[in-house]
Amino acid sequence: MSPASEPEVEAVGPIRRGTQAADLRPARPDELPACAAVWRAALNDYLVRLGQREEPEDLTGVITLYTHLQRTDPDTFVVATRPDTGQPGGERIVAFAAATVRSKVWYLSMLFVLPEEQGLGLGRTLLERVLPPSDAGFALATTTDSAQPISNALYARFGIVPRMPLIHLVGSMQRPETLPPLPNSVRATAFEALADGAGGTGGPGGTGVGVGHDQLAGLINELDLELAGFEHPQDHRFLRTVDRHGFLYRSTDGTVLGYGYTSDMGRIGPVAVRDEALVMPILGHLMQAARPRGAFALWLPGAAGTAITTLLVAGLRIEDFPLLIGWDRPFADLSRYLPISPGLP
C-alpha cells in the first residue's frame with residue numbers, strides 16, 4: 001500500500017520546509033522502525049478522520065516486511081530526512097519510499113509522508129527517486145488505498161493507473177461445506193516433503209514423487225513467470241521464514257497445476273494456479289490444511305470474483321476499504337495469481 005497523501009504540486013529543486021531542505025538517501029537497517037512509525041502516523045491521520053480503526057502500536061510485522069524489502073532492494077528503499085532540532089547534528093525521517101524489482105516488473109511497495117510534511121511535493125520527489133529509467137522496459141505497478149484520490153492521481157500521472165480492486169477478506173470459516181474439495185485428479189504435496197526428495201502427502205493423496213529443492217524452485221519460478229509476470233525466489237524464501245507453508249499441486253500424471261501458501265497465523269497466499277477453475281478448491285485446501293490460532297486473512301483481486309463470493313458465503317468478511325491495484329501495462333493474470341499482500345505482490 002502506498003498512499004502519498006499529497007496535493008499535486010510540482011517538485012523543482014530541493015524540497016524545503018522553511019529554510020531546511022529534506023535530504024534523500026538509502027535507508028539503513030536501524031532506521032526501519034522509524035519508517036514504520038511514519039507509516040503508522042500517515043495512515044492513522046486519515047483513517048481516524050474517516051471513522052476507521054487506527055493501526056495498532058505493535059509494528060513488528062511491518063518492520064519484518066521492511067527488513068526484507070531493504071535487504072532485497074536497498075537502492076530503492078529511500079528515506080527523506082530533516083535536521084532534528086532536538087538533537088544537535090541529528091536527523092529525523094519524515095518520509096520514505098520502497099520499491100521492488102522482480103524480473104521486468106517494478107513495484108512500489110510503500111510511499112508514506114508524515115502528515116505535517118505533506119503538501120510540499122515530497123511524495124513526488126521520492127517517487128521520482130525510486131522509479132526506474134523510462135527506457136528500461138519495466139512494467140510499473142503499485143497498490144493504493146481507494147480512500148486516497150490524491151495519491152492515485154499522483155501515480156496515474158506516471159502511467160500507474162488504478163485498474164482493479166484488491167479485497168482484504170478476514171474471519172473464521174463458519175460454513176466450511178461451502179468450499180469445494182480438490183478434484184480426485186489433483187494431488188497436494190507440502191514443499192518440505194518435495195524439497196527433501198520425498199513424495200509426502202501434504203493433504204489428500206500425495207503423489208509419492210519428490211522433486212528436490214532446486215527442481216522445486218524451478219517449478220515455482222516457472223509458474224510465477226507465467227501467471228504473475230515475474231520471478232521472485234527471494235520472496236518465497238522470505239515467506240518460509242515467517243511461518244508460511246507451501247504446497248505444490250499436481251495432476252495424477254505429475255503435471256504441475258499450481259502452488260499456494262497457508263500459515264498457522266491464518267494468512268493465505270500467494271497462490272498461483274494454471275486453471276482458474278482450481279482457484280477455489282486450492283484455497284479451500286489451504287484453509288483446511290491450517291489450524292489458525294485466530295482468523296483467516298487473505299488478499300483477493302477483483303478478477304478472482306468467484307473466490308470472493310464463495311468465501312463471503314463461507315463466513316469471511318471484507319475488512320476496511322478496498323485497495324486499488326494500478327499498473328501502466330498488464331503484467332499478471334490476477335484471476336489466477338493471488339498476491340502475498342499489498343506491500344509485496
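R92 is partly exposed in this predicted model, with a relative accessible area of 32%, and its side chain forms a salt bridge with E117 in which the closest N and O atoms are 3.6 Å apart. That pair links distant parts of the chain, since R92 sits in strand 5 while E117 belongs to the loop between strand 6 and helix 3, 25 residues apart.

Staying with charged pairs, a search of the whole structure finds 17 salt bridges, and one of them joins D320 to R53, with the closest N and O atoms 3.0 Å apart. D320 lies in the loop between strand 14 and strand 15, and R53 in the loop between helix 1 and helix 2, so this pair ties together parts that are 267 residues apart in sequence. D320 is partly exposed at 35% relative accessible area, and R53 is partly exposed at 42%. I would also point to R25, R28, D30, E31 and E91, which are linked in a network of salt bridges.

Now to the nonpolar side. The largest nonpolar core has 76 residues, and the members that touch the most others are W39, Y66, F77, F96, W106, L248 and Y259; helix 1, residues 32-47, gives the most to this core, with 9 residues. L248 has contacts that include F191, L194, L216, V256 and Y259, leaving aside residues up to four places away in sequence. There is also a second, separate core of 31 residues, which includes Y249, I268, I282 and L311.

How values were computed: Residues numbered from 1 in each chain as written. Predicted model: local features only at pLDDT ≥ 70, side-chain atom pairs only at ≥ 80, totals over all residues. Heavy atoms only, no water. Core = buried A, V, L, I, M, F, W, Y, C linked by side-chain atoms within 4.5 Å. Buried < 20%, exposed > 50% of the residue type's maximum accessible area, 1.4 Å probe, protein only. Helix = DSSP H or I, 4+ residues; strand = E, 2+ residues; numbered from the N terminus. Contact = heavy atoms within 4.5 Å. Salt bridge = Lys/Arg side-chain N within 4 Å of Asp/Glu carboxyl O.
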